[in-house]
Amino acid sequence: MNSTRYILECRNLGRELPSPQHRLLLRNVSFTLQQAEVLAVIGPSGAGKSTLLRLLNRLNEPTQGSVYLHGRDYREMPVLQLRRCIGMVMQRAYLFPGTVSENIVFGPAQQGKTMNPQQVDDLLARVGLEGYASRDALTLSGGEAQRVAITRALANEPEVLLLDEPTSALDEVSRDGVQSLLASLIRERRLTCVWVTHSLDQARAMANRVLALRAGEVEAIGTPGEILHA
Amino acid sequence: MLERWFPNQMERGAVQCLIAALIAALVILLVRRRAPNLVTEVFVAELRGLLQIIAVGTILAFLLRGPQWTAIFVLAGMAIAAASIVRKRAGKIPRVYTLALASITAGAGSILGLMIALGVIPMRISILVPVGSMVIANTMNTQSMFLDRFRGEILAHIGEIESALALGATADTAVGRYLQAAFRASLIPSIDNLRSLGIVWIPGLMAGIVLSGQSPLYGALYQFVVLTTIFSSAGLSCLVTSYLITRRVFSPQDQLLLRG
Ligand SMILES: Nc1ncnc2c1ncn2[C@@H]1O[C@H](COP(=O)(O)OP(=O)(O)O)[C@@H](O)[C@H]1O
Ligand SMILES: [Mg+2]
């Protein structure tokens, strides 16, 4: 198989809303992603960036094309296993009621795996939340909550991480903090990411490649230098 | 007073309906500013309720002369009607009619059947139809409340639900806490009915038994039987709904379909 050097491959991916609307949300999106590559997805609001991410972990169903994980059509995989392999962090944290620790062990628990308290503490310390394990998840600040959401996704040890404007709902100070946290996590864990952002500076700083979407179609794809010139 | 003016029972009934309707009209007039869109709804509901109950009274009068098992058909018809009323309230949930019909039939049908088999409720039209209709009507209300609450919870927590799915949770796990909330909310009225029995209200059936000249204590005990039966039926129907509902709001690939 020639495609196995890619972790993720997207071929002619598209989605049309079912009847009666028949609206085309995304069309003919193709790209490949290698280990430790970061692909930034940019484009105006409503361009289909979130739609693309939601197709990549199959929260929505593609109506055109498909996604290949290690060369295998993702529709042949059990969807729960697929979603464990492709983690996601959204614009808001959407933490579950309960403690920070309960949020973090949620993913592994779905596969029947338990995390011991030490593992949780270590993960939290890594994201700058030392001693937060027993805190009430719903009383955290925006930046803290987003760090927990990132930790919660990483606890599943995903092969690909999808980030849907993970810093855009935060104030300026926590935005910089979360961005540099993600940058260092990506470097040290060699994470493979699809990172939706509306900040061209963020795309330039984080990405190996950039995909520009407009009105549901690929406008351009290339290196940050090619796409974000001047 | 009315008894003196209208010695004929049917005429008296008609006048009683008229007076009750006039008072309701007065209330509508009073609330119309605060709830303008309620006026037509209440008016239509009043008219509809009156016509339906007259029709049922006529049918009952007819059935009482025939074999007792025809009560089953009356109750089955009521369950079908109840399911379509639930659909009106919770129509945004896909294929909700069959869901409501299944859970009302399973809940009310099995509990009533058990009660009849054990001899607690006699297989007599004059008792089975009014008691059965109370059980079905309350189960219907419980279903409407369950589905309405569940839908509200889902729409308010789309982000949390999809976060759980994205972490590899099944649809059932992702909505578990919202099912619990709906369960609780929909059964509270049935529980409160039991709790307030006799103190806050003396329900119609007991009133009927007392009015018909039987012992008030027997009327009281039988009322307890009916309210407990209602609770059993409502609880069982919610259980059935909670098992069937997930597959109606998620795709086979565990994608949340309900968005409005
Ligand atoms: N389930 C849906 N029903 C109707 N319209 C949708 C749905 N999901 C997305 N859209 C529409 O698709 C377009 C792209 O949305 P989205 O992918 O969220 O854009 P972006 O993330 O780039 O801002 C928008 O116009 C949005 O309104
Ligand atoms: Mg978006």
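Q: With the side chain of which residue does the side chain of B:Thr241 make a polar contact?

A: The side chain of B:Thr241 makes that polar contact with the side chain of B:Gln143, at 2.6 Å. A polar contact is a pair of N or O atoms within 3.5 Å; within protein, one atom must be able to donate a hydrogen and the other to accept it, and residues adjacent in sequence count only if both atoms are side-chain atoms. This is a predicted model, in which local features need pLDDT of at least 70 and side-chain atom pairs count only at pLDDT 80 or more, while totals for chains, interfaces and linings use all residues. Residues are numbered from 1 along each chain as its sequence is written, chains are lettered from A and ligands numbered from 1 in the order in which they are written, and side-chain values use heavy atoms, with hydrogens and water left out.

B:Thr241 belongs to helix H11 of chain B, which spans residues 216–249. Helices (H or I, at least four residues) and strands (E, at least two) are DSSP runs, numbered from the N terminus. B:Thr241 counts as buried because its relative accessibility is 0%; buried means under 20% relative accessible area, exposed over 50%, and partly exposed in between, with a 1.4 Å probe and protein chains only. Apart from neighbours within four places in sequence, B:Thr241 is in contact with B:Leu99, B:Ser103, B:Gln143, B:Phe146 and B:Leu147, where contact means heavy atoms within 4.5 Å.

Two packed helices are described by the angle between their axes and the distance between the axes. For H5(B) and H11(B), the axes come within 8 Å and cross at roughly 150°. Such axes are lines fitted to C-alpha atoms, for helices over the stretch in contact, and angles run from 0 to 180 degrees between N-to-C directions. H5(B) and H11(B) are therefore roughly antiparallel to each other; angles under 35 degrees count as roughly parallel, over 145 as roughly antiparallel, 65 to 115 as roughly perpendicular and the rest as oblique. Their crossing is right-handed. A crossing is right-handed if the near helix is turned clockwise from the far one by less than a right angle, and left-handed if anticlockwise.

On the H11(B) side, the residues that meet H5(B) include B:Ser237, B:Val240, B:Thr241 and B:Leu244. Among those on the H5(B) side are B:Leu99, B:Ala102, B:Ser103 and B:Ala106. By class, this contact has 12 nonpolar, 9 polar and 1 charged residues. Ala, Val, Leu, Ile, Met, Phe, Trp, Tyr, Cys and Pro count as nonpolar, Asp, Glu, Lys and Arg as charged, and the others, Gly among them, as polar.

In the loop between helix H4 (70–89) and helix H5 (96–117) of chain B lies B:Arg95. Its phi is near 50°, a positive value in a residue other than glycine. B:Arg95 counts as exposed because its relative accessibility is 54%.

Chain B as a whole has 11 helices and 0 strands. Of its 260 residues, 38% count as buried. The C-alpha atoms of chain B fill a box of roughly 75 × 50 × 35 Å along the principal axes. Among contacts in chain B with a separation of 6 or more, 73% are between residues 24 or more positions apart. Elsewhere in the chain, B:Val44 is found in helix H3 (residues 38–63), and at 48% relative accessibility it counts as partly exposed.

A:Thr192 lies in strand E8 (residues 192–196) of chain A and counts as buried, at 1% relative accessibility. The side chain of A:Thr192 reaches the backbone nitrogen of A:Ala36 at 3.0 Å. Leaving out residues up to four places away in sequence, A:Thr192 touches several residues, including A:Ile7, A:Leu33, A:Ala36 and A:Val160.

Chain A also has a helix pair: H5 (residues 142–154) and H6 (residues 172–189) pack at an angle of about 20°, with their axes 9 Å apart. That angle makes H5(A) roughly parallel to H6(A).
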